[in-house]
Amino acid sequence: MKQILVVEDDLAMSRGIVLALRNEGFSLTEAHNLREAEQLRQENAFDLILLDCNLPDGSGLDWCARIRLDSAVPVIFLTANDTEYDEVAGLEAGADDYITKPFSLAVLRARVSNVLRRQNTSPRIQIDGFEFDFEQLLFLRDGVPVELSRNEQKVLQVLVRSRGSTVPRERLLDRVWGDTEYVDENALSVTIRRLRSKLEDDPSAPRYIKTVYGIGYAWAVKG
């Protein structure tokens, strides 16, 4: 299920967007300012961000530009700023699309689907000597296939799609194992250790899968 972050300070509009897209089978998370949005981005691997340009604590344009320093997650601006200059500024900040308010929910659904479809046309991620294709379940290291268990694939996907950011242990447990009540507390540590043994040159001094003590793990190389 695709994960979408909605960053919109108009609560009524935010709820309307969530209800409209949830009916399309997406998982939606809401933030009403940039502080909340950045915290959620650090904790989750979103497939798309819907972003208002003008928020109570800053500019969505500036935040989008900062996102582009470490992430390729698609961003669609939702804004009342409808001049050509505003649209160009949004695209230059790194947005994938720009929708001016007011807009119909049908147009929003079509634009969201289009951006996600473009994202899915190039599913292979290349980082250093690695190639990961989570759709075709193809994992290569220096051109040599690497066999990964299902849980190893899930953990790797969350880390790689959030590369450069720390993913909390709780988030990894929830995304990979779901109901964590019945999960052995060492399951994640064991999975991380196995991934390192398969992907790192020196698993005892990992370059890629870093432990952020007291928080979680991070794929440290952005690619």
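Where in the model is the place of aspartate 142? Aspartate 142 has its place in the loop between strand E10 (138–141) and strand E11 (144–145), where strands (E, at least two residues) and helices (H or I, at least four residues) are DSSP runs numbered from the N terminus. The model is a predicted one, in which local features need pLDDT of at least 70 and side-chain atom pairs count only at pLDDT 80 or more, while totals for chains, interfaces and linings use all residues. Residues are numbered from 1 along each chain as its sequence is written, and side-chain values use heavy atoms, with hydrogens and water left out.

Five strands form an open sheet with parallel pairing, in the order E2-E1-E3-E6-E7, two strands being taken to pair if DSSP finds at least two bridges between them. Its edge strands, each of which pairs on one side only, are strand E2 (27–31) and strand E7 (97–100). On average, and with direction ignored, neighbouring strands of this sheet are turned by 20° against each other; axes are lines fitted to C-alpha atoms, for helices over the stretch in contact, and angles run from 0 to 180 degrees between N-to-C directions. Strand E1 (residues 3–7) runs parallel to E2 and is joined to E2 by five bridges, and leucine 5 stands opposite threonine 29 in E2. Helix H1 (residues 11–22) packs on the sheet, where it touches E1, E2, strand E3 (48–52) and strand E6 (75–79), and its direction makes about 170° with that of E2; contact here means heavy atoms within 4.5 Å.

Glutamate 92 belongs to helix H4 (residues 84–92) and is exposed, with a relative accessible area of 67%; the term exposed denotes over 50% relative accessible area, buried under 20%, and partly exposed in between, for a 1.4 Å probe and protein chains only.

Several backbone features fall in loops. A cis peptide bond, with omega at about -5°, joins lysine 101 and proline 102, and proline 102 lies in the loop between E7 and helix H5 (105–120). Aspartate 128, in the loop between strand E8 (124–127) and strand E9 (130–133), has a positive phi of about 50° although it is not a glycine, and aspartate 128 is partly exposed, with a relative accessible area of 47%. Aspartate 142, likewise a residue other than glycine, has a positive phi near 55°, and at 61% relative accessibility aspartate 142 counts as exposed.
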